[in-house]
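Here are my notes on the model you sent. Keep the sequence and the 3D view open as you read.

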Amino acid sequence: MCGIAGKFSREPAHLIAPHLKSALQSLQHRGPDGESEIVHEIAGGTCALGHRRLSIIDLSNQGRQPMVSGNGRYTITFNGEIYNYRELKSEIRGHGIQFHTDTDTEVLLEAWSLWGPECLNRLIGMFAFVIEDKDKQSLECVRDAFGIKPLFYDHGPSHFAFASEVAALRHLNPKFRSPNAQRSFDYLSLGRYDDKAETFFEGILQLEPGTRLTVQLAKTVTTSIERWWRPSIRQRENITFANAVDEVRELFLTNVQMHLRSDVPLGAALSGGIDSSALVCAMRHLEPSMDLHTFSYVASEGAANEESWINSVNAHTRAISHKVTIEDYDLSSDIDDLITIHGEPFGSTSIYAGYRIFKKARETGIVVCLDGQGADEMFAGYHGYPQAILLSMLENGQITRMARFLGAWADWPGRMRFDALQRLISEILPHRLHGFGRSIIGRSVDKPWLKQDVLRKSGVRLAPYPLTKRTHEGRGRRLAELERSLLTGGGLSHLLRHGDRNSMRWSVESRVPFLTAGLAEMALSLPESFLVSDRGETKSVFRAAMRGIVPDSVIDRRDKVGFETPELRWLNSDKLDIDSILEPAAEIPFLDVDQLRQAVNAVLNRDTPFSWQAWRIINYCKWAGLVLLK
């Protein structure tokens, strides 16, 4: 787990090298255990590849990067982990290739040397890497199937630059100080971010999950992108629920076992929910004698407090528990660092709780931390997306079953029939009427603090986004929804971004055992009723698979408590100077700083109902002052 950066340019090496050095220094938190770079001439220009190392597997100096392949053709700078590197290493040795280190980096490099891009479907891991091919005079940039690890880039006719973080990329090309107006509007008005290639910086892009970017260096620098992974949702008709339970259990336990491979201490994040509890219990099931450390945020009060569930799992697994509590004034002390390290605005203050959890892990000496992200998207968690299931039943003429499901679904805590029916009606409206309804609803995103005339002149789309054309009729609406959430849904990409930035701020590697292509494709092959039962039970097959490993009391939980924080109290802390935080808005052409103050203060003073938009405004303005305009 590391930080990577690099640049190809027609500039001479002595001009590029200092910028690369600055970029790598900005990534020190991602890799405190070493720094190295390779700078050389190729294709009539200079290629500079750099690396910051967080030592996880093979702690010796042999693991330093950038690393050159045995045949001298390829050079890699790699951020991530390949969990099945031992199995791949054995297979590659069978082709007569010799290894000189015990690292997964060398395995990945020699796999590429042997199989080229075809090796990607053999990898079980999380990764963002760049490989230079001296023979083809090209760079190959690859991001893992789910986008667990980040990769940002910019390019022009005579240069290409990349980095693990936007801050490092800006060291390689300091010109990026203009906000992306469309992304800014999407975030401030609609709460959208991390759901496409564009970032909050005009001219900076992120490589999307499961894609490969090829950069040709000769003459004019050109790029091409292709998707190397897309999950299959071919439904298996003849599988029984019992067989599916066995397969899910075996695949999940195999995933966890591989994710435990580490030469440094590891632990787990434990929220008290089903996913993180299953992960911790699986770790104990597989390693009965390991020192198992868990890290949990404990809310001070209210329904969001899951301490009793956390205590139950810790007792069941004999884990060493570490709990984080947050006072109302703590955010004010850390807000500058939190927003700076994320590099771009984010959705809510709940991200701060994750920031503190990984800080606690590092203080405890834990360098690797397993996390339960991805289970909701894979096994139809949250509330099960009832509109997709109801629509599938409606299309198949299963009206009686549909009515029974609606009643059973609404019988669970926090659910209402009206909500499900409203979502269903939204799905079945004719496309044109649905778009018209959305345009009416879209008027609510008009805000007096947004200068819409300025935004329009910048080419910003102010209307709600058009509906994505419906697909997968007859193949399962819920399965299609899961596929969308795994690839471009936004929600998962948010969670993975938050986890990466929070963990790497404290030089901790966060691993997500649910997110492997094998488990995803297995889950997407199952009948919809295995994911959300006719009784309205979400993650039905996964709950059954974990029975006997996880306490029944946890498996049978009917409530769903989100990872919540007391946002309004934190933002009302006397130590947060809201007027000063909003001041940078005066330098953003499409924002009215006086109107912003009125809107935020109305929420903080409880003159208007609480809205997440207040935090988004605060976050955006703080980000502009700390990051964008620097």
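1. **A loop residue with positive phi.** Aspartate 194 sits in the loop between helix 5 (181–190) and strand 10 (205–206). Helices (H or I, at least four residues) and strands (E, at least two) are DSSP runs, numbered from the N terminus. Aspartate 194 is not a glycine, yet its phi is positive, about 55 degrees. Its relative accessible area is 12%, so aspartate 194 is buried. Buried means under 20% relative accessible area, exposed over 50%, and partly exposed in between (1.4 Å probe, protein chains only).

2. **What the model is.** This is a predicted model: local features need pLDDT of at least 70, side-chain atom pairs count only at pLDDT 80 or more, and totals for chains, interfaces and linings use all residues. Residues are numbered from 1 along each chain as its sequence is written, and side-chain values use heavy atoms, with hydrogens and water left out.

3. **Another positive phi.** Arginine 606 is not a glycine either, and its phi is positive at about 65 degrees. Look for arginine 606 in the loop between helix 25 (593–604) and helix 26 (612–628). Is arginine 606 buried or exposed? Arginine 606 is exposed, because its relative accessible area is 57%.

4. **A cis bond.** Glutamine 65 and proline 66 are joined by a cis peptide bond, with omega about 0 degrees. Proline 66 belongs to the loop between strand 3 and strand 4 (67–68).

5. **Strand 1.** Strand 1 (residues 2–9) is mostly covered, with eight of its eight residues buried. Both faces are covered. One side carries Cys2, Ile4, Gly6 and Phe8; the other carries Gly3, Ala5, Lys7 and Ser9.

6. **Partners of strand 1.** Strands of a sheet pair through backbone hydrogen bonds, either parallel or antiparallel. Here, two strands pair if DSSP finds at least two bridges between them. Strand 1 runs antiparallel to strand 3 (residues 45–53), joined by eight bridges. In that pairing, alanine 5 stands opposite glycine 50. Strand 1 is also antiparallel to strand 9 (residues 159–163), with five bridges. The bridge partner of serine 9 in strand 9 is histidine 159.

7. Five strands form an open sheet in the order 15-14-13-16-17, with parallel pairing. Its edge strands are strand 15 (320–324) and strand 17 (509–511), each pairing on one side only. From one strand to the next, the twist averages 30 degrees. Within the sheet, three bridges link strand 13 (residues 266–269) and strand 14 (residues 293–297) in the parallel sense. Alanine 268 stands opposite threonine 294 in strand 14. Helix 8 (residues 307–317) packs on the sheet and touches strand 14 and strand 15. The direction of helix 8 makes about 160 degrees with that of strand 15. Axes are lines fitted to C-alpha atoms, for helices over the stretch in contact, and angles run from 0 to 180 degrees between N-to-C directions.

8. **Helix 7.** Helix 7 (residues 274–286) has 13 residues. It reaches 18 Å from its first C-alpha to its last, close to the 18 Å expected at 1.5 Å a residue. The expected span is 1.5 Å times one less than the number of residues. Eleven of the 13 residues are buried, so helix 7 is largely enclosed by the rest of the structure. The buried residues include Ile274, Leu279 and Met283.

9. **The cores.** A nonpolar core is a set of buried Ala, Val, Leu, Ile, Met, Phe, Trp, Tyr and Cys residues joined through side-chain atoms within 4.5 Å. How many residues has the largest nonpolar core? It has 96, and those with the most contacts inside it are Phe129, Met283 and Phe379. Apart from it lies another core of 77 residues, among them Leu169, Leu331, Tyr355 and Trp615.

10. Serine 503 lies in helix 18 (residues 491–505). Serine 503 counts as buried because its relative accessibility is 1%. Lysine 575 lies in the loop between helix 23 (567–571) and helix 24 (578–582). Lysine 575 counts as exposed because its relative accessibility is 58%. Leaving aside neighbours within four places in sequence, lysine 575 is in contact (heavy atoms within 4.5 Å) with Tyr329 and Ser332.
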